[in-house]
Amino acid sequence: MRQWSKTQKITLLAWLAYIPYYLYMQYWENSVIAPIRVDLLIIYPLLAILTLASLVQLGQRWYR
């Protein structure tokens, strides 16, 4: 197996950091009356861009 690129490592770390954050926020949402998750306006696009960039890199490696 080839080495992972820096982008792929950052994407993996971002997703691994997001999992406990997501679980904590699920707990928090249950403790407030009307949760408005403005943080998702930043987190979801960032994760999407990182994931897409990693998939493009992976695709480029497979077709070389």
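Among contacts (heavy atoms within 4.5 Å) in the protein chain between residues at least 6 apart in sequence, 68% join residues at least 24 apart. The model is a predicted one, in which local features need pLDDT of at least 70 and side-chain atom pairs count only at pLDDT 80 or more, while totals for chains, interfaces and linings use all residues. Residues are numbered from 1 along each chain as its sequence is written, and side-chain values use heavy atoms, with hydrogens and water left out.

The protein chain holds 2 helices and 0 strands; helices (H or I, at least four residues) and strands (E, at least two) are DSSP runs, numbered from the N terminus. With a radius of gyration of 16 Å, well over the 11 Å that the globule rule gives for 64 residues, the chain is more spread out than a compact globule. Here the radius is taken over C-alpha atoms, and the rule is 2.2 Å times the number of residues to the power 0.38. Along the principal axes, the C-alpha atoms fill a box of roughly 55 × 20 × 15 Å.

Helix H1 can be followed next. The buried residues of H1 are Gln 8, Thr 11, Tyr 18 and Met 25, where buried means under 20% relative accessible area, exposed over 50%, and partly exposed in between (1.4 Å probe, protein chains only). These buried residues of H1 pack against H2.

The aromatic residues come next. The structure holds 3 aromatic pairs; rings of Phe, Tyr and Trp (its six-membered ring) pair if their centres lie within 6.5 Å, and planes under 30 degrees apart count as stacked, over 60 as edge-to-face and the rest as tilted. The pair of Trp 15 and Tyr 18 is edge-to-face, because the ring centres are 5.8 Å apart and the planes stand at 90 degrees. Tyr 18 is buried, with a relative accessible area of 10%. Tyr 18 also forms an edge-to-face pair with Tyr 44, at 6.1 Å centre to centre and 65 degrees between the planes. This second pair links distant parts of the chain, with Tyr 18 in helix H1 and Tyr 44 in helix H2, 26 residues apart.

Finally, Arg 37 lies in the loop between helix H1 (6-31) and helix H2 (40-62). Arg 37 is buried, at 14% relative accessible area. Leaving aside neighbours within four places in sequence, Arg 37 is in contact with Tyr 21, Met 25, Trp 28 and Glu 29.
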